[in-house]
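Try each task yourself before you read its solution.

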Amino acid sequence: MPWSPQTLTDWLLTNAAAAKTLDDLTQQLGAQLAQANAPVWRLRFAMRTLHPLLAAVGTTWENDTGPKPVVESTHGLETRGGYAGSPMTTVSQSRKPFRQNLSALAPDHHEVLHELRAQGGSDYYALPVLFGDRVTAVMTLTTRHAGGFTPPDLAGFDTIAAQLAPFIEVLRLTTLSSAVSEAYLGKHTAQRVWAGEITRGHVDIIDAAILISDLRGWTQLNVERDPEQAVAIANTFFEVMDATVTSESGEILKFMGDAVLAIFPASAGQQDAVARALRAAQAASSHQTDTLRFGIGLNVGEVLYGNVGSEKRLDFTVMGPAVNLAARIESLCAQTECPILMSHAAANLVPRTRQVGTFSLKGLPSGEAVYAPSPMPE
């Protein structure tokens with residue numbers, strides 16, 4: 001019995017806008033194709049992004065197994081065997097559909113087609129989802145029917161792709177906005193911005209442990225090494241800090257030249273926040289080498305957390321005396337040869353510390369006692 005593309009396009013106009021992600025849309029559309037008796041075993045979408053970390057996202061539905069894991073491809077995708085010369089590449093570049101009878105494959109056909117044939121596929125159809133002059137995604141359909149797709153099947157898929165284009169473009173832009181926000185602001189801060197906290201002066205007072213870290217010898221590194229090597233060292237430092245801070249439920253708010261500003265919100269109390277910040281600091285410090293050297297300053301207290309800036313340029317950050325003190329303490333790491341230093345307020349919440357000394361710090365009327373974590377007893 002022939003299937004009706006009109007059933008699918010009616011469903012898209014009514015329901016597609018509710019899909020929150022490309023994967024949501026893929027799974028729902030696949031289920032609708034099955035319900036309409038369309039001869040589709042496998043439905044897949046691949047969408048290129050402008051993500052700073054990812055090049056493309058792929059989602060798949062199969063009639064016999066349902067959802068498949070979402071595939072996120074990093075940059076450099078074009079050089080990989082799975083993509084280079086693939087039907088996806090052909091469709092993206094030509095902006096035209098691609099069809100292949102899977103029962104008539106030659107050895108030089110792309111590996112993707114051979115894999116689908118090995119899984120029982122008989123016919124393959126890939127087509128661009130066009131929005132204006134852009135290929136916003138590539139849609140591929142595979143059948144296991146012995147006779148393959150019919151001309152009415154292909155015409156129906158073309159109609160569905162045309163109807164899908166504006167919905168996928170919205171999802172593409174939403175994915176881009178969310179990804180860029182998280183990459184440049186951090187996950188939790190991005191969520192606050194997406195929730196509408198975007199007005200200049202929208203600031204909350206929160207309790208948090210503050211971690212500030214600074215790469216040592218950065219000026220000398222830039223003199224002694226070429227720019228690519230210096231940047232690679234800085235990126236290694238940032239990766240170490242990001243991994244250790246994130247593992248303790250902290251968040252890096254800012255990369256400041258060769259320094260890092262992170263917070264650990266004290267939602268479970270200051271002692272818990274300081275403990276997490278210290279564990280992150282110690283884990284990060286364990287990665288220090290002769291080349292990769294950095295200091296870490298810790299403090300705890302109330303901070304102003306929110307949007308500040310000019311009328312046209314905003315920054316989501318933390319401010320206040322507690323942040324300033326963490327920065328002043330971190331600057332003593334090189335002088336004291338201690339990789340981690342803490343304020344009295346932070347050290348008072350840690351079981352084992354030793355006082356390094358009392359120092360006159362800029363902006364403070366009296367000396368500040370500074371502490372370092374003591375090693376665990378044998």
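**Exercise 1.** Find which residues make the nonpolar surface patch of about 330 Å².

*Solution.* Val-203, Ile-205, Leu-304 and Met-319 make this patch. To qualify, residues need over 30% relative accessible area and no salt bridge, and nonpolar side chains (Val, Leu, Ile, Met, Phe, Trp, Tyr) are joined within 5 Å. A salt bridge is a side-chain nitrogen of Lys or Arg within 4 Å of a carboxyl oxygen of Asp or Glu. Areas come from the Shrake-Rupley method with a 1.4 Å probe, and for residues only the protein chains shown count as cover.

This is a predicted model, where local features need pLDDT of at least 70, side-chain atom pairs need 80 or more, and totals for chains, interfaces and linings use all residues. Residues are numbered from 1 along each chain as its sequence is written, and side-chain values use heavy atoms, leaving out hydrogens and water.

**Exercise 2.** Decide how Val-203 and Val-170 are classed by accessibility.

*Solution.* Recall the classes: buried is under 20% relative accessible area, exposed over 50%, and partly exposed in between. Val-203 has 31%, so Val-203 is partly exposed. Val-170 has 51%, so Val-170 is exposed.

**Exercise 3.** Identify the residues with the most contacts inside the largest nonpolar core.

*Solution.* A nonpolar core joins buried Ala, Val, Leu, Ile, Met, Phe, Trp, Tyr and Cys residues through side-chain atoms within 4.5 Å. The largest has 35 residues, and Leu-211, Phe-237, Met-241, Phe-264, Phe-294, Ile-296 and Leu-298 have the most contacts inside it. A second, separate core of 33 residues includes Trp-3 and Phe-157.

Terms used. Patches are made of residues with over 30% relative accessible area and no salt bridge: like charges are joined within 9 Å, nonpolar side chains (Val, Leu, Ile, Met, Phe, Trp, Tyr) within 5 Å. Buried means under 20% relative accessible area, exposed over 50%, partly exposed in between (1.4 Å probe, protein chains only).
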